[in-house]
Amino acid sequence: MVHGDAKLSNFYVSKAPHSRTYRFGTWDLDAAMIKEDPLSEHERIRDLGRTAASFAEISWRIGAGKTLEHYSAALSEAYTRSCGMPIPAARFLKEARTYL
């Protein structure tokens with residue numbers, strides 16, 4: 001699935017009642033596409049770049065002072081570790097910058 005607008009305000013996390021587990025989900029699926037084929041590198045980079053830009057935007061608003069480069073690197077490394085599919089750092093950062 002490609003979300004199409006993967007910013008932080010379109011994700012939610014809630015604690016399950018009387019449990020130590022959490023539920024995760026997404027909002028705003030207007031631009032989402034469910035595909036039969038694996039996501040292309042461009043689609044992965046676009047959604048993750050939007051997420052990194054959203055982290056940076058929020059951190060600037062609350063005065064956390066983290067850079068877009070910081071969030072891009074963190075998401076790129078985490079994605080590569082969990083999926084085993086490396087994301088070219090320069091392309092990832094370039095895509096993230098288009099959302100600021």
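Is aspartate 5 buried or exposed? Aspartate 5 is buried, with a relative accessible area of 19%. Buried means under 20% relative accessible area, exposed means over 50%, and partly exposed lies in between (1.4 Å probe, protein chains only).

This is a predicted model, in which local features need pLDDT of at least 70 and side-chain atom pairs count only at pLDDT 80 or more, while totals for chains, interfaces and linings use all residues. Residues are numbered from 1 along each chain as its sequence is written, and side-chain values use heavy atoms, with hydrogens and water left out.

**Overall layout**

- The protein has 3 helices and 2 strands. Both kinds of element are DSSP runs numbered from the N terminus: helices are H or I with at least four residues, strands are E with at least two.
- From the N terminus on, the order is β-β-α-α-α.
- The C-alpha atoms fill a box of roughly 45 × 40 × 30 Å along the principal axes.
- Of the 100 residues, 31% are buried.
- Among contacts with a separation of 6 or more, 57% come from residues 24 or more positions apart. Contact means heavy atoms within 4.5 Å.
- The accessible surface is about 6700 Å², and carbon and sulfur atoms hold 58% of it. Such areas come from the Shrake-Rupley method with a 1.4 Å probe; for residues, only the protein chains shown count as cover.

**Salt bridges**

- The structure holds 5 salt bridges. Each is a side-chain nitrogen of Lys or Arg within 4 Å of a carboxyl oxygen of Asp or Glu.
- Aspartate 5 meets arginine 50 in one of them, at 3.4 Å from N to O. Aspartate 5 sits in the segment before S1 and arginine 50 in helix H1, 45 residues apart.
- Arginine 50 also counts as buried, at 11% relative accessibility.
- A network of salt bridges links Asp5, Lys7 and Arg50.
- Glutamate 43 pairs with lysine 35, with the closest N and O atoms 2.8 Å apart. Glutamate 43 is buried at 11% relative accessible area, while lysine 35 is partly exposed at 31%.
- Glutamate 69 bridges to arginine 97, again with closest N and O atoms 2.8 Å apart. Glutamate 69 lies in helix H2 and arginine 97 in helix H3 (residues 89-97), so the pair ties together parts 28 residues apart in sequence.

**A buried arginine without a partner**

- Arginine 44 is found in helix H1 (residues 41-61).
- Arginine 44 is buried yet has no salt bridge. The nearest side chain of opposite charge is glutamate 41, 4.7 Å away.
- Leaving aside residues up to four places away in sequence, arginine 44 touches Leu39, Tyr79, Met85, Pro86 and Ile87.

**Aromatic pairs**

- There are 2 aromatic pairs. Rings of Phe, Tyr and Trp (its six-membered ring) pair if their centres lie within 6.5 Å; planes under 30 degrees apart count as stacked, over 60 as edge-to-face and the rest as tilted.
- Tyrosine 12 and tryptophan 27 form a tilted pair, 4.6 Å centre to centre with 35° between the planes. Tyrosine 12 is in strand S1 (residues 11-15), and tryptophan 27 is in the loop between strand S2 (22-26) and H1.
- Phenylalanine 55 and tyrosine 71 form a stacked pair, 5.4 Å centre to centre with 15° between the planes. This pair links helix H1 to helix H2 (residues 68-83).
- Phenylalanine 55 is partly exposed at 31% relative accessible area, whereas tyrosine 71 counts as buried at 15%.

Notes:
Lys, Arg positive; Asp, Glu negative; His and termini not counted.
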